Amino acid sequence: MSTYLSAENLGHSFHDNWLFKNVTIGINRGRRVALVGINGAGKSTLLKLLAGSIKPIEGKVVQSKDLNLGYLEQDPGFKDAVTISDYIFHADDIQQQLIRKYEELLENDTDNAKAIEQVMEEMSNINAWEYEYKIKTILGRLDIHHLNQPIKTLSGGQKKRLALAKLLIEDPDLYILDEPTNHLDIDTIEWLEKLLTDGSKTILMVTHDRYFLDNVCNEILEIDRGKIVPYNGSYGYYLEKKAERESADEAAFQKNSNLLRKELEWMRRQPQARGTKSKARIDAYYDLEEKTKNGGPNQKVELSVKTARQGNKIMEMNHLYKGFNGQTFIEDFSYVFKKGDRIGLAGKNGTGKSTLLNLITGSLQPDKGTIDRGETTVIGYFHQSGIVFKEDERVIDIVKNVAEFITMADGKMISASALLTLFLFPPAKQYGFISKLSGGEKKRLQLMSILMKNPNFLILDEPTNDLDIDTLNVLEEFLTNYSGILMMVSHDRYLLDKLTDQLFIMEGNGKVKIYNGNYSSYRVELEESKQLAKKSVPTESPKPKEVKKGKLNFKEAKELETLEKEIAQIEKEIALNTEKLNKTGINPAELDLLLAAISKLNSTLDEKSFRWIELTELNNA
């Protein structure tokens, strides 16, 4: 198995604080590797070192010859690109430049029939239509439509999706991905999963999305106290083996600590000038000291705060309407919240999830309808935009601005400083500036400042962004036992499944569907509905029909013509593979390859057939 990338004895530090030392890694072709570890362990830094965007202080990174490496950063840069087209399309790629010209003509100059026909002919001459379809599909799925839009006008989420789109279009030998699911809705995440697991892609990524991690990766590397610990298996296997290792580490730590205490007493009893001390024993003492210095069990965040008393009346929403700029996001929606409600908000980006949350919190007023909030209802809103802070503000000031002392779940009062320590902010960090915190630490501080207010109606808008998996596990444990109303927007399917038992599904155009069940149950029902719909569609192959140019535009007419040829070719390939499958003496490896090929071809055939029917109906309307 060829090695695409290797790192030898890597070491890197910031401000004299070593993230890791003597790290050695090899990324082999076809492996899909997840890098995990707590916030601040150095995951993003290690990705930057391996991608070559920064140089290591110690050690070296070696790439295989002619390796095409693609790197998706958390906060991507766009160099000199001004528009989306500038960034997506390479100036020296003839196919891409023709596709760019064609797409821009369709978007900005649809009446220029001569120019469109000419570029279509040029694309046919170099067989660019399949590539154009791939580019169009990727951009569409990532909600990128206006190629002339200046990059500087894009939001942070749009920029991340644009960088991901470019990477997927280029399809590098090695994908290095830092939080690829951030700013994607669940449908797009599931599409991305299929894309990354199709074929034998080589991937190294950091993600907090456990379903995504489990479905995509077959190997896990954990950064733990500056060392890399490998696990060859799924996320479930990693959790099992990590628990076993931590149990053994804790036992060893306790044993070493007891032995160190005895050795320390022995060292103190020895006169300074005596030269008869056992050198071996002194060396053993220093070795033990090193093992126990950073070798204890990892600290964990402790979430435990009081919840305000909740009355019988919580909140009633009656016939709500809300829209912006002529677009309706909420239309005639009513709901009465009851004790024990645990609700997830699902739906594509831009369907009104944040609008509904802002109506509930009172930061937006409905165009029509009423919201009647109970007198005892205390809302805590964890917003995805994070904390707004001053550069010179210290961590402890944020907490003291809420309260000097906080009531915990057991009724005890603790100081702001003690609470910060429970949330893994040691004194040195408490008096440091907020601007120096990592993204995950800022989110943790935001969550803490919200929980201090003892809310009994907790709203979480994308709480998983920038939090490490260990902190997420603690957050889940807290939310599982949380007695108030829980309402959550998240693209993390694992979190939705574990913490919610009801969904508000934003279907678009103001429609909100109430579904009783978790996200996985909803997806199963949705898939069953799709299968039933497929059965109702005629199974015979579509027959070519004459394209009437008056009903379809140039692009659609050409697509319909191309689809007819593609469908015929796919059917021929399915028949050939099925014929091979029926031969005797086929070995198991070849059998697996054939079955996978037939499955993929059938899926592509379904997709193209549905599109053919759609265009044909449009043409004959």
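Is E193 buried or exposed? At 10% relative accessibility, E193 counts as buried, because the cut-off for a buried residue is under 20%.

## Confidence of the model

The mean pLDDT of the protein is 81, and 82% of the residues reach at least 70. Among the elements of the protein, strand β6 (residues 174–178) has the highest mean pLDDT, at 95, whereas helix α10 (residues 279–293) has the lowest, at 56.

Residues 273–277 stay under 50 in pLDDT, and the model gives them five contacts beyond four places in sequence. The pLDDT is also below 50 over residues 541–550, a stretch with 18 contacts beyond near neighbours in sequence. Where pLDDT is low, the predicted coordinates should not be read in detail.

Eight bridges connect strand β1 (residues 3–14) with β2 in the antiparallel sense. Within this pairing, S6 has G26 in β2 as its bridge partner.

## The six-stranded sheet

A second open sheet contains six strands, ordered β14-β17-β18-β12-β19-β20, with mixed pairing. Its edges are β14 (379–382) and β20 (511–516); each has a single partner strand, so one side of each is left without a neighbour in the sheet. Neighbouring strands are turned by 15 degrees against each other on average, direction ignored.

Strand β12 (residues 342–346) and strand β18 (residues 485–489) run parallel and are joined by four bridges. L345 stands opposite V489 in β18. Two helices that pack against this sheet can be described in turn. Helix α11 (residues 353–361) lies across β12, β14, β17 (457–461), β18 and β19 (502–508), and runs at about 155 degrees to β17. Helix α15 (residues 439–451) packs on the sheet by touching β14 and β17, and its direction makes about 175 degrees with that of β14.

## Helix α5

Helix α5 (residues 129–141) has 13 residues, which at 1.5 Å a residue should span 18 Å; its end C-alpha atoms are 18 Å apart, in agreement with this expectation. Its buried residues are W129, Y131, E132, I135, I138 and L139. An α-helix has 3.6 residues a turn, so residues three or four places apart point the same way. Just after α5, D143 adopts a positive phi of about 60 degrees.

## Salt bridges

Side chains of opposite charge can pair when their charged atoms come close. The whole structure contains 22 salt bridges. One of them joins R100 and D86, whose closest N and O atoms are 2.9 Å apart. This pair links distant parts of the chain, with R100 in helix α3 (residues 94–108) and D86 in helix α2 (residues 84–88), 14 residues apart. R100 is buried, with a relative accessible area of 17%, whereas D86 counts as partly exposed at 31%.

A further salt bridge brings together the side chains of E559 and K136, at 3.7 Å from N to O. E559 lies in helix α19 (residues 554–581) and K136 in helix α5, 423 residues apart. E559 counts as buried at 12% relative accessibility, while K136, at 25%, counts as partly exposed.

R493 is buried, with a relative accessible area of 4%, and E193 is buried at 10%. Both residues take part in a network of salt bridges that links D187, E190, E193, D209, R493 and R523.

Key: Residues numbered from 1 in each chain as written. Predicted model: local features only at pLDDT ≥ 70, side-chain atom pairs only at ≥ 80, totals over all residues. Heavy atoms only, no water. Pairing = 2+ DSSP bridges. Axes fitted to C-alpha atoms, helices over the stretch in contact; angles between N-to-C directions. Contact = heavy atoms within 4.5 Å. Expected span 1.5 Å × (residues − 1). Buried < 20%, exposed > 50% of the residue type's maximum accessible area, 1.4 Å probe, protein only. Salt bridge = Lys/Arg side-chain N within 4 Å of Asp/Glu carboxyl O. pLDDT = per-residue confidence, 0-100.
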